[in-house]
Each structure stands twice: as structure tokens, then as C-alpha cells.
Amino acid sequence: MENARLAEGLREHTARFAKAVAGADPDAPVPTCPEWPLRVLVGHIGQAHRWAASIVASGPTPVPDPLAADPGAPGEWSGWLHEGAANLAGAVASAGDRPVWTFFGPRPATFWLRRMAHDTTVHHADAALATGAAFEVAPDLAADAISEWLEVLSDPVTPSIKPGFDQLRGTGQTLQLRPDTGTGWLITRVPEGVRWARATATADVTLTGPVDDLLLVLTRRLPAGQVTVTGDRGLADHWLAHTAA
């Protein structure tokens, strides 16, 4: 996906996130992030955008603690969130193709724009579920978010960051995400970890539905019952039980 579209997606979902939390109780629980009240979710988004922008501009810094983020008073949230997203998009545009630090080794600066655009989209869903606001995501962004998340899960470095992902190793079991339109994703669990490809084929278990619902099920924001599950339901349940972000 081109940088311009990722930057547009970052701005869109930051704005929609800000709209979803406007006027809400800062201490309201977030069902899909059960350890965080709404103010921490807001703080995390603005903090993460600024952290990623700092990495692109100046190099790696320690991962910040969301509980330490200060988004300001609720009336200031919208401006603070928009500022953080703009800082990140500007830093990536200035960096061009220059490689920067990532968890997975040096990558082009666009890595952080893509990571934060899709992280913001999923957290926009968290905010919408917490406040009762509407949520939607464009199909192209949802599809790229699925691919990006599978890239993270399949990277050999990931289990060292999230040891629980080791449980995704397997002996050839296959899961498929099949959107209502377009090509799906075929995931294979092998002894070395996770492998995936854009493909539509027979699998041990297949999840079928709109691409936005598939994204939210994959990221555990919606239950698997939101889509159609065909085949080995236990395999799908095991996958979802061990992929908490």
C-alpha cells in the first residue's frame, strides 16, 4: 500500500477515534482492552504516534508505558490526537526511503506509518465498542491490516517479543480467512512458526465474511461467531486464544 494511502488512513482513523471518544467518560471501561479505561486508550494512541515519529526522526527509544501517557483534559483530546498523527506522517515523509529501527531489524520508515495506521484502526474499533459509536474501515485498509498483522505473526523475531505466540507453531494445520470478495489469506502452522500467503484454497478451517469483520475477529475485537466458521472450529479457537496483541 502506498504511503499516501497509509497516511490518509492514519488521519481518517485518528479523526474517527477522536470523534468516538468525544464527550465520553474518561474512566469508562474498554471491553476489548479490559485493563484500560478510556483515558489510557486515548493516551496510548497519541503516545504511540509520537514514539514512532521519534524513532523515525532520531532513532530507537524505550517502549513507553501507556499508563504514563497524559492526553490532557478530555476537551483537549482531539487536538492532541491529530497533532500526534500529523507528527508521524510528517516524520515518515521527511525520512523517505531511509531505513529506521524496528523490532524486526532496519526497515524503511514507512514500516512505522503502516504499523501505526493499522494499530489506530483497531483501537478505533476499541473506542467505538466502548462508547457505542459507529465503526467502519475501508476494504483496502482492512485487507492491508490483515496482511500486516500476519507479517508480524510470521516474523521469527515475534515470539521473542511475545512468547505466547510460540503456541502458534504446528505441523501443517491450515486456517483460511476468506472475504466476501477478493482473494483470501491461507495460514499454515509449521514447526518453525506461521507461514501465510494470499490464496483461496481448501483449509482445515475457514472463516468467511466481510473483510472488516475478518480483521476484527483476527484481532480479537469481535467473536468468531461474527463470521462463518467452516471446518475445525477447535483450530480456529486455539489460534484466537493465542494471538492476543
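**Exercise 1.** In what order do the five strands of the open sheet stand?

*Solution.* This is a predicted model, where local features need pLDDT of at least 70, side-chain atom pairs count only at pLDDT 80 or more, and totals for chains, interfaces and linings use all residues. Residues are numbered from 1 along each chain as its sequence is written, and side-chain values use heavy atoms, without hydrogens and water.

Step 1: the order is E5-E4-E3-E6-E7, with mixed pairing. Strands are DSSP runs of E, at least two residues; helices are runs of H or I, at least four. Two strands pair if DSSP finds at least two bridges between them.

Step 2: find the edges. E5 (193–198) and E7 (228–231) each pair on one side only.

Step 3: take one pair. E3 (residues 173–179) runs parallel to E6 (residues 205–209) over five bridges. Arg 178 is opposite Thr 208 in E6.

**Exercise 2.** Explain why H5 counts as largely enclosed by the rest of the structure.

*Solution.* Step 1: buried means under 20% relative accessible area (1.4 Å probe, protein chains only).

Step 1: 13 of the 16 residues of H5 are buried, so the rest of the structure largely encloses this helix.

Conventions: Buried < 20%, exposed > 50% of the residue type's maximum accessible area, 1.4 Å probe, protein only.
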